Amino acid sequence: MRPESFKWFPLLVVSFFYTSVRCSSVEQKIYIELNSTVPCVRLLNATHQIGCQSSISGDTGVLHVLETEADLDWILSTGPHPPYMVVMEAAFFTSSTMMKMKNSSRVAGVAVINSNTGPTEGFSPHTSCPNQNTGVYTEHYGPELANCNNTVWNPLGNGLSYEDFAFPIFSLKDDNQTQVIRKCYEDHNMRVNGTAPHYPLCAMQLFSHMHAVTDTVTCMRRTDLQNSFSINPEKLCDPLSDFNVWTSIRPLNNSIKGHKENESVVIAATRLDGRSFFWDIAPSAEGTVSSIVTLLAAAQALYPVTLEAPPPRNIFFTFFQGEAFDYIGSSRMVYDMENSKFVIDLDNVHSLLEIGQIGLRNGQNLWMHSDPVSRKNTTVNEQVADLVANIKFVASSLNLSLNEPSATQALPPSSFQRFLRVRPVPGLVLADHQSSFINRYYESLYDTATYLNVTYPPDLSPEQQLEYETEAAKSLTQVATLVARSIYKQAGGEDRFLNNITADTKTVAKLLYGFLIMSNNSWFSSLLPPEALGRGSILESSPPQYYIGLRLDNTVKSVTRFVQFILANMTGTVTKLNQSQCQNPKDVPGESKDLYSYSWVSGPVSANGTTDAYCVRSSVHLSKALSPAFELTDYGSREYSTWTESRWKTIRARIFLVASPQLEMMTLGVGVAVLLVSLVVTYFISSKAELLFSATRESPNTTY
């Protein structure tokens, strides 16, 4: 190449860059991307697939805002521009409306605008009988109580979360982008005097194609085949999984599994998770957070007294993950206990007290639920009666009224049922409902802080809100004190120490704020390790969500991490170990990683902006919350949870203007015509190239 040719190279580079920028600019002018969206995703179990998905290239439809019954008729019957992409307020997101759309070929997808408050009549997309196939009641155990024959626990449950939709359904935040959608609809799609709008029309496109189909058995088989024979295997789905959190007032050697001689434990348990119709939107205020906060506050209240006057029996606190999906966490712990894979076994379990939904108690009433089938055994009945008597004795000094429902009523959905499937463990479930749930928004996106009455005066700063003692905080503090004193007495503690056990309202207030309002606060930050605060921090300016999700890249769910480190700080001891020693305690004389866990936490921020980190020694540990079905590769199990979540590549939503089909066809026709003419002209020029481009070479005049 001659040197002169190089001068064209920069020009080519600039031209290429300019063309790329122009293409990007054109795309931005055509499409408006919607960022604040959350999809409904596909979940699978041994027999079904549920949830939603789009086609592989996304689903597109003409935008229509559903505001009246006439709009619904327009979408499903009379509108001339199907398929429609339906945008609706949360009030229209009902089972009847969605089932009509599911059975129509005129709906391409749905976008639901989130609301902070739910319908007054209630809304629960869960089933009316949660976890009915994996609880204790079957045709072999209390058949008269199976399938909620005795009590319908969630009468408002419409089962919407367990339907399979062939089109995408997204949740939209009610923000500026929602206004953009409305304006696009009003400018281009709104009917005028009942007449259809003219093109161009505003359209929406949703992308949420799911890789998994049919059921967990099919999905896992295909995944296993790819792992065996493919050079670049691609997973289609993953088991729902995370970790349980547990601790005991007397440390247990975690390196030695199975039965512990001369060890009897009283278990205090609750759940860590919840769900709603949409992926990773699960506020679960009454359903989950009220019990998490109560048990954490009870553990803190108990800790100093157990150091001063330890009871004869050990007290074992556990937080189960994945209970909304057929008791993933509790079934795994029981399975490990049965097979000597856990720090204790079932022979070590003396009794169990589970904290259920307790945030909406009516006045001073709480209910103690027990299993009527196991209580037919005289020994079990006596032990349950003792536990009831202990709780009532404690309640009498706290001005709380505790009652038992009918002796023939089944246990509500609870982790306790997984223990009873194996053996008749004496136990109770403490709840705010006598029979059916009081919670009108069970497992829905409306089970929020507002519903739990965690609200603040408008003039408070975030730091003041953190310290503010709401009515809910005061109520749960009373319950936490009841729980702490009851399990201390159940463990054999002396009555004279009971009055020294009192939950702290300020702590409960901070826990409610962190779990329901904003996890990124000064108190949570001070209890977490530095690596949880830096890049990829688990703290957010919003509450955590309680959907169990997947363990991709060996991550731990943020809620699990919060409970782990808060519990460690509440029940642990601050040591003088430095950071290196804290992270490698086996090298330090007198320290034992088999008995304790060691956490290097950030500490509070000082006035000059620095933190004073320190090492906490506690007996808080994590254990797997992965269904035994996946350990046993029994993907069609009827004994254990088999829930998986489909993988996907793209989750997107955007709006744009679409031309009429006639104009699109005309444009296509013109394009094809131009192409054909270009081919003819190109052929003609190519065939006549010698004639058209030849030139007589003139002989140069040479002078010598």
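A residue is called buried when its relative accessible area is under 20%, exposed when over 50%, and partly exposed in between, using a 1.4 Å probe and protein chains only. Keep that in mind as we walk through this predicted model, in which local features need pLDDT of at least 70, side-chain atom pairs count only at pLDDT 80 or more, and totals for chains, interfaces and linings use all residues. Residues are numbered from 1 along each chain as its sequence is written, and side-chain values use heavy atoms, leaving out hydrogens and water.

Let's start with the whole protein. Of its 704 residues, 53% count as buried. The C-alpha trace spans about 125 × 75 × 60 Å along its principal axes. There are 18 helices and 23 strands; these are DSSP runs numbered from the N terminus, with at least four residues (H or I) for a helix and at least two (E) for a strand. Contact means heavy atoms within 4.5 Å. Of the contacts with a separation of 6 or more, 79% join residues 24 or more positions apart.

Now find helix H7, residues 328–338. This helix is mostly covered, with 10 of its 11 residues buried. Among the buried ones are Ile328, Arg332, Tyr335 and Asp336. Just after H7 comes serine 340, which has a positive phi of about 55°.

Next, look for a sheet. Strands of a sheet pair through backbone hydrogen bonds, either parallel or antiparallel. Here, four strands form an open sheet in the order S4-S3-S22-S10, with antiparallel pairing. Strand S4 (49–50) and strand S10 (237–239) are at the edges with a single partner strand each, so one side of each is left without a neighbour in the sheet. Two strands count as paired if DSSP finds at least two bridges between them, and S10 has three bridges to strand S22 (residues 644–646).

Finally, where is serine 208? Serine 208 is in the loop between strand S9 (201–207) and H5. Serine 208 counts as buried because its relative accessibility is 0%. Beyond its neighbours within four places in sequence, serine 208 is in contact with Gln53, Ser54, Pro168, Phe170, Thr650 and Ile651.
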